[in-house]
Amino acid sequence: MYKPPGSSDIPKKVMSEMESIRGGLAKDKISLGNLADDVLVISLTGSWTSEDQSPNEHEVISVLGSASRLRTIRFDTSGLTGWDSSFLTFLAEISKYCSQLNLSVETDGLPEGAKRLLKLASAVPERQGARKDSRKESFFSRAGGRTLQFVASSAEMLDFLGEAATALARFLRGRANFRMSDLALFLQESGSQALPIVSLISLLVGLILAFVGAVQLAAFGAQIYVADLVGVAMVRVMGAVMTGIIMAGRTGASYAAQLGTMQVNEEIDALKTLGVSPMEFLVLPRMLALVIMMPLLCVYADVMGILGGLIVGVFMLDLNPSVYLNQTKASLNLTNVWIGLFTSAVFGVIVALAGCLRGIQCGRSASAVGQATTSAVVTGIISIVVATAIITLACNVLGI
Amino acid sequence: MTGSEAQITVSDLDMGYGDFILMRDLNFTVRKGDIFIIMGGSGCGKSTLMKILIGLKKPSRGQVVYGDVNFWEADPQEREQIMRHFGILYQSGALWSSMTLAENIALPLEQYTSLDRRQIGKIVSFKLALVGLAGFEEFYPSEISGGMKKRAALARAMALDPDILFFDEPSAGLDPVSARLLDDLILELKESLGTTFVVVTHELASIFAIGNNSVYLDVDTRTMTASGDPRKLLAESSDPKVRNFLTRGEESAHAQVL
């Protein structure tokens, strides 16, 4: 067995060219033996922990590469006072390099613990192909990949819409498979529990509309028309749009999180293997709840918005409340109300489907649930704005 | 060995995700009344194989035949018909979190039987008692411990008295005594109902205690390298990896010391 020589045994004849290379090393911690021999003794002294400034393996490696006769590396650690993982990584790098150069490394001179850990780390060879290919993709392959992804996700969305429509058809024929108690719970969650926030937002929207309108209309002395402006805007569009956006952020997100978590917990798998359609059991009651509740919330939002307008009318424009309300009544007709209700029912479907779609598509990790929630809100709000544009345009073309 | 009638026949099965092939050329038969163990190291595709067997994931190639029906080629109704006779215990339990334990176990019964509420209630209580959870009917999954969730999930899997019970890592997260009780329960069900079991596990104690047939998936060669009674494999197999697995690496560790 090789016995580590004391530091005094290290050959003293050091070639002059070596001196210059060694200048880069932390001189007091590492010293190299005679490079001209076929055995090189590397003496390591002092403390080699991550808190200490320790020499870098590249410098040793560059020295090793320049020695042509070298066959074997030995270590002398009799002067070593402390070591930790940073010492091991230093050794591991050197032995990896040595095996590339076909140099044999004798570890007998190392501390017993370090020797064993090094052996453990090299016991299982790296699995071929396990490392991820980190090559950067070209612009065209990325663009192509994104396009294919987009096509696939659009197909998935259409698929989902189709399935939702079939589930709805089954419901209308009275054959859908879901629990009434679930529907009741969702009705409560998306109905009465949403009232406080809907009140606040609608009232403020009514106030804002009235303020903006008042400043403009006062220039013509036509303050009374603030009532028309607020009434028509709220009933026809703003009531539906504001409740839609509130519900997308509130209920759509919660649907996505619920279904996403169920996906992570294999609960949706458990339904599928039982032969229960997640579309009927999970999506349908949520969709029905929103389709029923959104128009009701919309009516409530309209009233709150008009109330907001009234506040501005009475306190800022000094209008008589009954005059304001009469003016509002005169400006509205049932068509406006129906359009608003229809729009909000459509938003109910949109919000529920966006939430459920993202939830069902959710991956199997905690971060995927977060993404699903974000994506549900974004999809919901974008769809609401697009749908509003389409409905407004259609009404315009139809002349209603 | 128990009955020789083939219940599941897997032939030339490849499985993978997209272009990536996880395992290829799987061939094995599960006979009626078997306790069939799918074993192998972590990441070798045990759970994926189970997903294919229970109809959650399509194989890349090859066939899974139940009795005489080709599972993945059958039309959806026929496949659903077969799946009705499965009971599945998922790795995480997968209890429906918005329902009580009683509702969880009652759902399969409501789906597939015409029993009235009272009868269903009785069956639910009996199944819960069977897994040592008598009296927990009105608890929600979030209110009970991990081990109890697993047992409640087992009660749900047994709700319809299935022909085949699939277990994905049943003893993961259970203390040694509960794991042992679960093994006893499996043997008891097999004896009393003749249920076939397919169990994904790498708990050696369980494998030897209950398994009478098995397949070993090798992660390096990406195929099965052994099959048969695990005790026989331990006694007779000459494959070093299989031996290594079945002896907890004791043999190779021993060899290294020498």
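**Close-up views of a predicted two-chain model**

**View 1. Salt bridge between Arg364(A) and Asp269(A).** Arg364(A) pairs with Asp269(A) in a salt bridge whose closest N and O atoms are 3.1 Å apart, a salt bridge being a side-chain nitrogen of Lys or Arg within 4 Å of a carboxyl oxygen of Asp or Glu. The two residues are 95 residues apart and link distant parts of the chain, with Arg364(A) in the loop between α12 (334–360) and α13 (366–398) of chain A and Asp269(A) in helix α9 of chain A; helices (H or I, at least four residues) and strands (E, at least two) are DSSP runs, numbered from the N terminus. Asp269(A) is buried, at a relative accessible area of 3%, whereas Arg364(A) is partly exposed, at 42% (buried means under 20% relative accessible area, exposed over 50%, partly exposed in between, with a 1.4 Å probe and protein chains only).

This is a predicted model, in which local features need pLDDT of at least 70 and side-chain atom pairs count only at pLDDT 80 or more, while totals for chains, interfaces and linings use all residues. Residues are numbered from 1 along each chain as its sequence is written, chains are lettered from A in the order in which they are written, and side-chain values use heavy atoms, with hydrogens and water left out.

**View 2. Salt bridge between Glu106(A) and Arg74(A).** The closest N and O atoms of this pair are 2.7 Å apart. Because Glu106(A) lies in strand β6 (residues 104–106) and Arg74(A) in strand β4 (residues 72–76) of chain A, the pair ties together parts that are 32 residues apart in sequence. Glu106(A) is partly exposed, with a relative accessible area of 25%, and Arg74(A) is also partly exposed, with 21%.

**View 3. The interface of chain A and chain B.** Here 16 residues of chain A are in contact with 23 residues of chain B, contact meaning heavy atoms within 4.5 Å. One salt bridge is found across the interface, and Glu103(B) forms a salt bridge with Arg179(A), the closest N and O atoms being 3.4 Å apart. Helix α9 (residues 267–273) of chain A gives the largest share, six residues, of the side of chain A that touches chain B.

**View 4. Surroundings of Thr49(A).** Thr49(A), found in the loop between β3 (46–48) and α2 (57–65) of chain A, is buried, with a relative accessible area of 19%. Leaving aside neighbours within four places in sequence, Thr49(A) is in contact with Ser54(A), Gly82(A), Trp83(A), Asp84(A) and Ser86(A).
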